[in-house]
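Dear colleague,

Please find below the structure that I am handing over to you.

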Amino acid sequence: MSFRKFSSDTDVIAFARQHSDLFTSEESLQVEEIGDGNINFVYRVTGAANSLIIKQALPYIRIIGEGWPLSQDRVRIEAEALQLEANHCPDLVPQVYHYDAEQCAIVMEDISAFENLRIAMVERKQLPLLAEHLGRFLADTLFYTSDLYLDTYEKKSLVQRFINPDLCKISEELFFWDPYCDHERNSINASLRTDAEKLWQDSALKLEVARLKIKFLNQAEALLHGDLHAGSVFANEHGTKIIDPEFAYVGPAGFDIGTVIGNYLLNVAGQANQRGEYAERSDYQQWLLAGINTLWHTFEQRFRQHMSVETRDPSLQLGEYADWYISELLADSLGYAGTEMIRRTIGLAHVMDIESIEDTERRADSERLALTLGQILIKERTTLSSIAEVIDRVRGELYC
Ligand code: SR1
Ligand code: MG
């Protein structure tokens with residue numbers, strides 16, 4: 001049998017029955033297509049007592065169609081990344097029940113007890129464990145897939161397993177090129193056009209973005225999730241699940257940390273001009289900024305602990321090296337946070353945190369704030385020397 005797109009509920013149900021033991025042959029099953037992402041098809045199959053998720057990758061991008069072909073190897077990459085992440089933080093990822101190379105599909109745990117973080121943030125929900133969980137996920141997945149922990153052969157074979165050119169190319173273009181020129185793929189609020197044009201003329205900014213891009217291309221530091229935006233996180237009061245690592249590849253660790261921080265700040269920018277009580281929106285901004293602080297400190301403390309106890313290579317065990325490493329990582333993370341903010345504001349793929357502001361002028365104000373913060377993070381990334389300084393700098397822009 002060769003690849004066939006699931007074309008009916010019956011197809012999906014047959015596949016679910018074949019590849020899990022969650023359902024009895026007597027019970028009737030329901031299917032819902034729940035994919036709201038840009039790239040794949042996602043189905044939930046529900047029985048009397050259990051449910052599961054099936055994700056199928058077609059040979060093109062869902063929102064674009066056959067005009068933008070995409071390797072289906074991405075689904076193997078996603079399944080293997082989820083399994084690898086589960087070795088380090090099993091509570092923070094959905095369990096993979098089955099990966100099917102022929103149907104380019106993954107059968108996995110249903111995480112509908114958790115809510116999509118993008119929506120939770122738009123609704124200003126405060127999730128008590130989120131920042132700590134994200135910090136732990138980043139510290140563990142990044143440390144244990146880096147040269148600090150792996151030996152030469154393990155690391156090289158990891159790089160090889162996660163060669164992901166099609167998905168990397170999307171990020172290379174959407175993060176580091178399109179938003180910095182008048183690209184046809186960009187989507188720009190008419191009220192923001194002048195700001196975008198000014199940004200395209202800023203050669204100091206473009207130089208810094210080029211430096212971040214070359215690291216993204218060359219720095220095989222750790223296995224990344226590769227697309228850690230708020231839509232890739234599900235959370236509730238008790239837990240967190242991180243999904244969708246189809247962009248996984250071995251790249252600069254700061255890219256994942258920065259994408260998360262950038263998404264917190266995109267919501268901060270959105271809150272500035274949404275409808276609703278000012279006090280409530282401003283409280284939520286403070287909760288988000290406190291979250292960035294917790295996330296970074298959880299990450300740093302845990303990563304330093306791993307470095308001091310589990311770094312295998314003796315030449316990388318110096319205390320001074322750990323200090324230098326962490327400060328480089330903070331600078332990279334801030335830079336990538338900035339590129340995420342800019343590309344989500346004037347590039348192809350926007351975020352609900354800002355897009356949901358109906359009034360065009362209010363939306364443009366939030367977009368302007370996102371662009372300003374993004375540029376500050378990119379340009380000042382090496383002079384902002386602690387997360388506390390970063391947060392103060394952001395606060396300064398909110399109240400100026
Ligand atoms: C065409 S794909 C656009 C974006 O969606 C994905 O989730 C990634 O963030 C990508 O950049
Ligand atoms: Mg995705």
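The domain bounds used here come from an automatic or database domain assignment. Please note also that this is a predicted model.

For the protein chain, that assignment gives domain 1 (11–107) and domain 2 (115–398). Taken over C-alpha atoms, the centres of domain 1 and domain 2 are separated by 26 Å. Where the domains meet, 19 residues of domain 1 are in contact with 23 residues of domain 2. The side of domain 1 that touches domain 2 consists, by class, of 10 nonpolar, four polar and five charged residues.

The residues around ligand 1 are Gly37, Asn38, Ile39, Ile61, Ile170, Ser171, Leu174, Asp227, His229, Leu348 and Ala349. By class, six residues of this shell are nonpolar, four are polar and one is charged. Helix 6 (residues 165–176) supplies the largest share of the shell, namely three residues.

Three strands form an open, antiparallel sheet in the order 8-10-11. Strand 8 (115–116) and strand 11 (240–242) stand at the edges with a single partner strand each, so one side of each has no neighbour in the sheet. Two bridges join strand 8 to strand 10 (residues 233–235) in the antiparallel sense; the bridge partner of Glu115 in strand 10 is Ala235.

With kind regards

How values were computed. Residues are numbered from 1 along each chain as its sequence is written. Chains are lettered from A and ligands numbered from 1 in the order in which they are written. This is a predicted model: local features need pLDDT of at least 70, side-chain atom pairs count only at pLDDT 80 or more; totals for chains, interfaces and linings use all residues. Two strands pair if DSSP finds at least two bridges between them. Helices (H or I, at least four residues) and strands (E, at least two) are DSSP runs, numbered from the N terminus. A residue is near a molecule or strand if its C-beta atom, placed from the backbone, lies within 6 Å of it. Ala, Val, Leu, Ile, Met, Phe, Trp, Tyr, Cys and Pro count as nonpolar, Asp, Glu, Lys and Arg as charged, and the others, Gly among them, as polar. Two residues are in contact if their C-beta atoms, placed from the backbone, lie within 7 Å.
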